[in-house]
Amino acid sequence: MRVVVSADHAGLSIKNVVRDWLVGHGHQVQDLGTHTTEPVDYPDCAAVVARAIVDGSCERGILVCGSGVGASVAANKHRGIRAGLCHDAYSAHQGVEHDDMNVLVLGGRVIGEALARDLVLTFINARFGDEERHRRRLAKVRALEEAKCP
């Protein structure tokens with residue numbers, strides 16, 4: 001699978017763990033930074049991941065910031081992005097299966113390396129269920145994007 005990864009300075013170490021795990025398991029990975037501990041802003045990281053997914057160069061994305069909250073909020077501002085902050089395996093697969101989640105967001109200061117790898121494995125292996133109820137709900141989410149509801 002083609003996966004884009006990015007993190008702010010607080011998520012750098014978990015991003016590197018995730019990137020190395022993905023590469024080691026045969027995935028094509030675009031690492032769009034950060035590559036140092038110098039402070040960077042999580043909205044910028046979310047934007048580069050969103051662009052890679054929306055333009056089709058990657059199928060899924062993984063974002064990491066300190067808590068995961070900021071990156072999740074920022075990523076979901078982009079049309080076509082369905083980002084979920086996950087710290088448990090159920091959310092990581094259910095988000096894809098029911099909600100067609102295309103960006104996994106992790107809290108680099110919240111989870112450890114082993115859990116990060118497990119969540120990425122779960123996220124990457126999950127597939128959208130494509131049941132009528134899931135398609136109907138996803139259509140409503142897309143309508144919200146188009147309407148730019150207050």
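Which residues touch the most other members of the largest nonpolar core? In this predicted model, local features require pLDDT of at least 70 and side-chain atom pairs count only at pLDDT 80 or more, whereas totals for chains, interfaces and linings use all residues. Residues are numbered from 1 along each chain as its sequence is written, and side-chain values use heavy atoms, with hydrogens and water left out.

The largest nonpolar core comprises 22 residues, of which V18, L22, I62, L104, L106, V120 and F123 touch the most other members. Such a core is a set of buried Ala, Val, Leu, Ile, Met, Phe, Trp, Tyr and Cys residues joined through side-chain atoms within 4.5 Å; buried denotes under 20% relative accessible area, exposed over 50%, and partly exposed the range in between (1.4 Å probe, protein chains only). Two or more residues are contributed to this core by each of β1 (2-7), α1 (12-24), β3 (60-65), α4 (89-99), β5 (103-107) and α5 (113-125). The greatest contribution, five residues, is that of α5. Helices (H or I, at least four residues) and strands (E, at least two) are DSSP runs, numbered from the N terminus.

R60 is placed over the face of F123, 5.0 Å from the ring centre; the criterion is NZ of Lys or CZ of Arg within 6 Å of the ring centre and within 35 degrees of the ring normal.

On the surface, V69, V73 and L85 form a nonpolar patch with about 230 Å² of accessible area together. Patches consist of residues with over 30% relative accessible area and no salt bridge, like charges being joined within 9 Å and nonpolar side chains (Val, Leu, Ile, Met, Phe, Trp, Tyr) within 5 Å. A salt bridge is a side-chain nitrogen of Lys or Arg within 4 Å of a carboxyl oxygen of Asp or Glu, and accessible areas come from the Shrake-Rupley method with a 1.4 Å probe, only the protein chains shown counting as cover for residues. L85 belongs to strand β4 (residues 83-85) and is partly exposed, at a relative accessible area of 33%.

Backbone geometry was examined in the loops. The peptide bond from G33 to T34 is cis, with omega near -5°, and T34 is found in the loop between β2 (28-31) and α2 (42-54). D100, although not a glycine, has a positive phi of about 55°; D100 is located in the loop between α4 and β5. A positive phi, near 55°, is also found for D130, which lies in the loop between α5 and α6 and is partly exposed at 44% relative accessibility.
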